[in-house]
Each structure stands twice: as structure tokens, then as C-alpha cells.
Amino acid sequence: MLTIRDLKVTIAGHTVAEVEMLEVREGQRLGLVGESGSGKSMIVMSILGLQPKSASITGSITFNGQELIGLSDKKMANIRGSLIGLVPQDPTKSLNPTMRIGKQIAEAITLHSSIKKNKADQRVRELISNVRLPDPDRILRSYPHQLSGGQQQRVLIAMAIASNPMMLIADEPTTALDVTVQGEILQLILTLSRELGMGLIFVSHELGVVRFICDEIAVIYGGHVFEIGPAHAVVNTPLHRYTEALISANIAMPKTQADIGREAGKLQSIDGSVPALGTFPNGCRFRNRCVYEITECALPVPMQNADGSRFHRCRNPIREKG
Amino acid sequence: MVTRLKKSWSKPTRARLSNLPASLLIGGGLVGFLVCVALLSFVWTPYDPITIDVRNRYLPIWSDGHILGTDKFGRDVLTQLIMGARNSLFVSVVSTLVSLVIGTLLGLYVAAAGARLQNIISRGVDVGVAIPGILVAMVLATAIGPGNAAAITAIIIWFIPVSARVVIGPTMQVLSQDYIEAAFGYGRTKWFVLFNHVLPNISSIIIVQASVMFAAAILIEASLSFLGVGAQPPTASWGRTLKEAQPLMEIAPSLMVVPGLAIVIAVLGFNLLGDGLRTYYDPQQARKR
Amino acid sequence: MVFALLRLLGGDVAYILLGKEATQDQVIALRIELGLDRIWFVQYFDWIGGFFSANLGTSFSGSYEIFDQIGQRLVPTLLLAFGSLFVSMVLALFLGTYAALNADNTKGIATDIVSQIGTAIPAFWAGLILVVVFSVSLGWFPAGGYVPIQENFLGSLRSIFLPIVALSLGITSVTTRFVRSAMLDVLNEDYIRTAMARGQTRNRAVFVHGLRNAAIPVVTVGALQLGNLLAGTIVIESVFVIPGLGQLLLSAVNGREVIVVQSVVLVILLIILVMNFLLDIAYGLLDPRILDKRNGA
């Protein structure tokens, strides 16, 4: 359904994302995991044509066989919302503060269908109940500031699924939310994507959360895909040293699905921090923070196939049960 | 953890001329030129500004000996312009400096005062800002008669609340810093802290504000003398030259164009200088604009 | 306050009126005639009372009823002030948005330079130039004067068109710069991106969701511009010889007619207050968050 090939995003001469190959099949749920500043948001925004104006993009992103890169804003706008929906990072900043909720949801409907503005009401109410919001009359007439962050995120999810898109992009949808509602929102996204048969790209820095939501995980660092494979395999038997570091940093990894969100606050980080743009080392971009660095790490690292479904780019990978 | 000021009005790193913002260079150039012209008028002008020369009335631009022509009394327009620059700068320098000093002191005092006094004075300052300077000038002109004195006093009265308002916010922000508390801890007095710790930190704001106020003062001076409430004859003033040119617009349109351009250049110069200084002191903030 | 300023600095009104040669007796006689022998607060209440009961007496020169005169001259001044406020606010919203959308190319920079220069042009000079070009040379508009709106609507519009253009120029320029910076902030807001994610193009998203949000800070700035607007109105009336409050004020200043100056200034301040109030209402209508805050919700 979605295929990314040789994507390269540069801002002011610095490469912020470089992806040789990434695929989402129909109904598949792919997780993009990495620390903040790893370029994962940039990758998904490029899919929607919502990258910053200063960014330039080369390579290929195809959706259902149609090339997205180089499309005009107008053509891209026809795809956004109708074929691909977005659940944004910070719901409290993502709704127009001066427009009633009902009108904003209706906008998502009327933009992609022949339903007239005055007839959209029924569909709006349907969507509101789909995202499990109570009291639709009140919600519709409310302004964003009158709702809680969790309710606002539900509204945004309702907008994202308004036109039954084939794919949903969730860009750290719970980071800005209160810990107590994170689990509910994650559950809602998961349920909806199953019910509606939508593909999902789930961006997060919490490997433990992504494991329960996605079938496949891509670990991103410095704009590069470091490791990609089935979710359980990547988490249980990581190949890349960075993945391993990410897992061990994730001390409070939830044990069961019910634990999601409950302990997310205890996340810890890897030693050092993600370098600023343009200051990444040559070769493996992680090597300056990696304890397993060997001399070959300074050379460019190609993507390697480990066993059919698993790929990684590490010069000194973790040997399976070696 | 080091707390940093939200907006940085700290001293910038020394920059080379080529790194300075363009608006600063252009504005500075225009203002510098203006000041030179005004100073020049004390030692030399092309012609005597007051002498009337009936034979050479309404000479057009580029006439022999009169580059910008002559007016209805046969006076040299360039000379009038130069003398006008002197008056314009005189009025704006005096009014801006006086009101900046008083306004800054008032602002510092209010910012350091208790909440109740702050409320009352801030309200008063808000009202003061809302009253147009020209109205104050007209009331004053009724009372003490039209002239530079009325213009300057009016501009001062109008600018005091304006400059106080600009100072209050940043001062309160500086006062909330930890090192200020420490200074009070040594037993420093309020005014010592305000002058030695707060003032240096907000000086760049005041400098920028001064530039903006210069521009506004030049505009008001021109408007007032255009209305006949400002400088009186024989003092040359751009605004009055325009007023005198108004009934002559069909005979000698150049008389009207030239002084107007002088005003635009002067105001533009100070505005650009203010913009440039703001960028120079606070590049991050300015880039966002 | 106006009253206090005039009284404090005013010296002796009667003395000023009669000139330096007046005898002591004459001055005292005039003072009694004008009611200036009374204590200041009696004078004040007399004036304020007269102001609100539509009776301010006649001017010193005795040629007109002050209150009626103010009433007559109110209309052209209001037309000018509100007309310019409306024109410049609307124009500035579009120009500022245009400048913000094109912030990084020549179109935006050009808009920026033009608005910077526009800020520096005094309204009265703009008026003079407009008269030279559009009245004297082209003859499209009258060079001055005012056709009362109740007599000839189109003629009235024609007579105040150039004044409104001249007055709007500076205010539009200043406001455009504010709109531009407000809009640059709005462009970076997540809700613009979300609107695009719903399927809006960039320009439509800015238009539908950005304009109203950018207008909020602009209204605040607009309130600060009101003083300049009214000051500009006074000057522009003088350029175009429009019989408004500014002209009345100017002639009163030259004739040292204290009561007239006081009253006209008070009226102008009231206009500013009313405009401020209207902008305040606009502010509340634009931003639903304000209403909730005011209701204590």
C-alpha cells in the first residue's frame, strides 16, 4: 500500500532523514521507534507533504501505486484526510481555538465527500460515538479549550477517520497527554484500526508501547532505519546495539497491555544525547554513544538481511543466543 | 541549573560591520546624515535662511545656484530644508531624552513598587498612552500659545507613559531573577539595585525605544507645525514649509514634494535604526519576526 | 483631565483674550461675564453639566452655539475615522497575511519594504500628494471640501475617498507589520498543520483557520492605534478642508476659545473610548476563550 524508497530529507544542507526502504501493507501496523530528534516525525510528515517549507525531499514515496513526492499541494490535499489520516502529537495545540468542534469535524467530512455542510451533522455524531465521546450535543458546540486533552485527542481521531482512510498516521499521539488517559487513547487507536481495517504508522519513543500495538517495528536513529522486523522479534531478540540500548533504557517496560501508560513516566534514557543536526559521526550514526564500537563502525553501514523478515545495519550486531 | 532570561537583552557578541543587520546600516546611515546636516547648519548654509529675494521667486529644481529651487519669498529651499532638519532634530532630541529619563525612572519605580500602587499607576499609564500627542499639543497651544515649547511639552507628556510602559515589563522580569534577591540580601537599597543591576540589563530596550520615539517625535513635530501649532516663523520647519506650499501646489509642486521626502527619510531612518538595533541585540527574537 | 490641564497651564483666559493692553477693570469685567470669577470646581461642573445637557453656551466671538456646532461637525470626523479604521484593518489583514505567506521570497520582502516606507509617510503629506495627482492633474476627485452624506451619498463618498486613503496609508502600514508577525506565529501552529492533514491546502488552511486567530493580537494593537488615528483625522481635515471636529478645534486653538477646545477634546476622547469599547467587543467575539474567562468559567 505504502512504499518508501531512497527517501532523503534535507534541511539547510543537513540530512535529517534517509530511508532506503520502508513498507506498510494493507491493514498492517508499523511502529517507528526512536528518541526525540531521531527524524521519525520528519519521515511521516514527508508522507503527508507536511514537512517544513525549508525541507527538500528526494526519492520516492508511493501510495497505492501513486507517487506522492512532487505532487502539488492541491493534489496532496486530496490525499490527506481521505486516504491517509493523521493523529497529531499535541491535541491541545492541534485544534483551531476559535472554531467550534462540530464545525472542525464537519470540515474533515465535507472536504472529501459530496455531503453538504448542513447534512454533515449526522455523520459528525456518528464519528463522535465512534471515538467513545459522551454527550455529543455538548461536544459539538464546545470550543477546544472547553475540552480536556484526552477529549481533544478523541476529536482529532474522529477527524482522522472521518473519510474512512486506508491508513492512519499517529505521531506520538499520547506524549502530550495525562498518564491516566494515555492507555485509553492507545486502546482506541488500536481498536479503530482493527475495526476499520486501516493500516497504521505509529510513531513513538516508547518501544514497550509500540510492541503491543504494532506487527512490525522500525527503529530509527539520526534519520536512519537501524533495525526493522516483526515486533516481538525486535523486542525479544534485538540485533542492533542501539535497539538493545533502547530496550535496557526502558526499565519499566509494561508487562501486559493493561499496564500501558501506567508506568510510561518512568522511562529512562540512553547515556549521552542525540547530537545536533550536522554533528553526527561518519559511518554508524550511533557509534559515538555506543559501547560496542569497533573500527569498522566508521565505515558506511549497509542494511543487512538477518533472516528473511529481519533487517539491521550494525557492524557488530548481537549474535543470536551466541 | 542556570536560569536564563526569556528574551535575551544581554550584551551581544562583537560583530563585524558586514555581519550587522542591513536595516541597522541603512538606518544608521540615514540618521547619521541627518545629524551631520543639522550640525552643519550651525556653521554654514547655502544661503541666509531668512533673507527675502523677490527677483528669484519660484525657481524650479536644478536652478543655477539653487539646487532645489526657491519658494514664494525667493528663499533657497535647500537652506530651508537644512534649517528644518535642525528644528526637527532639536524638538525630537529634547522631547525624547526628557521623557525617556522621566519615563524610565517612573517605570523602574512602578516595577519595584507594591502590587496596589502598580495597579493604579499602570492604569494611569494605559490612559496616558491612549491620548494622542497632537491633542495634548493643541490644548497646550491654547494655554501657552503655539510654538516649539508647546510641541516639545506635549510630546514629553505623551511619551512619558509610553516609555514607562516599555520599561515596566522587562524590569519586573529582571527583578524576579535570583541574583537580584541576592543583592537585596547584601542589604542593597532599592534604587541601588535598580540602577546597578536592572538598568544595564534593560538598556538595549531603552535604546531601541529611543530610536522608535525619535521617529514618532519627528512625525508629530511635522504634523504640529503643519497645523500651525508648532514652530512659528521665522523658525524653519518641514511641516510649515509644507503648509506654505499647499496653496501653491499648482504653481510649484516641487515645493511640496521636497520637504515631505525629507520627513519620510528622517522617520524611515530612525525606524530602520530601531529595527536594526532590535535585531542586533536580540537576533533570535528578530528572526522570528 | 482636559479641564485641569487647561486651568493649570492656562493662565488668565480673560487676559489672553483682551490682549496686553487691557485695563484691570476690563479684565475683571470679562471674568465676571464669562463666569471665571467663580471657584474652579463650580466652573468645572458648570461645563460638564452643560456638556451633557447640550448647552455649552456660545463661543467667545459669539458667532455660534458651541454644542450645535460640535454636533454638525461630528459626522464628517466620524466618517473619516471609522472609514479609515475599517479600511486599514481589512487591508492590513490581507497584506500582512500575504507578507507572512511569502516571508522567504521577494514578494514578501517587497511587501515588507513598502510597509516600512508607508509607516514613515506622514498622513498630511500623503494627502497633499494625492490631491496633486488625483485632483489637480487627473481631476478624478475633489481637492477638498465635504459633501454632507444626507445630501448626496455618492458625492459624499467621492469627497471623503482621498482623505480616507491618505489617513489609512500609515495605519495600514503599521498594522500590516503586526499582522505579518502575528501570522508568522500562527503559521507555525499545529492547528494549521492539522487542518492541512484533514485535506486543506496550505493557503486555504491559513485562510479558514489562521485569519481569525491572527486577528486577535491585531485588534489589541489596533486599540493602541486609535490615538494616532484621531490625531491623523485632525491633520487630514486640515489638508482637505473638511469641516470636522479637527478644523473646529484648530480654529478654537488659534482663537484661544477655551471652552470650545475643552469640549472638542472631550468629544474626541469620547470617540476614542467608544472605538476602544467596540474593539473590545470585537476581541471578545474573535476569541471564545476570552468570554469564558470573563464569565469566570
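1. The contact between chains C and A involves 20 residues of chain C and 27 residues of chain A, where two residues are in contact if their C-beta atoms, placed from the backbone, lie within 7 Å. This is a predicted model, in which local features need pLDDT of at least 70 and side-chain atom pairs count only at pLDDT 80 or more, while totals for chains, interfaces and linings use all residues. Residues are numbered from 1 along each chain as its sequence is written, and chains are lettered from A and ligands numbered from 1 in the order in which they are written.

2. On the side of chain C that touches chain A, helices H9 (190-198), H10 (202-240) and H13 (288-294) of chain C each supply at least two residues. Helices (H or I, at least four residues) and strands (E, at least two) are DSSP runs, numbered from the N terminus. H9(C) gives the largest share, 8 residues. By type, this side of chain C divides into 6 nonpolar, 6 polar and 8 charged residues. Ala, Val, Leu, Ile, Met, Phe, Trp, Tyr, Cys and Pro count as nonpolar, Asp, Glu, Lys and Arg as charged, and the others, Gly among them, as polar.

3. C:Asp292 is found in helix H13 of chain C. C:Asp292 counts as partly exposed because it has 13 C-beta neighbours inside 10 Å; a residue is buried with 20 or more other C-beta atoms within 10 Å of its own, exposed with 12 or fewer, and partly exposed in between, with C-beta atoms placed from the backbone. From C:Leu91, C:Asp292 is 201 residues away in sequence and 30 Å away in space, C-alpha to C-alpha.

4. Within chain C, helix H6 (residues 106-120) and helix H8 (residues 153-187) pack at an angle of about 135 degrees, their axes 8 Å apart. Axes are lines fitted to C-alpha atoms, for helices over the stretch in contact, and angles run from 0 to 180 degrees between N-to-C directions. C:Ser115, C:Gly118 and C:Thr119 in H6(C) meet residues of H8(C) including C:Leu169, C:Gly170 and C:Arg177.

5. Chain A has 11 helices and 12 strands. Its C-alpha trace spans about 65 × 45 × 35 Å along the principal axes of chain A. Of the 322 residues in chain A, 48% are buried. Among contacts in chain A between residues at least 6 apart in sequence, 65% join residues at least 24 apart.
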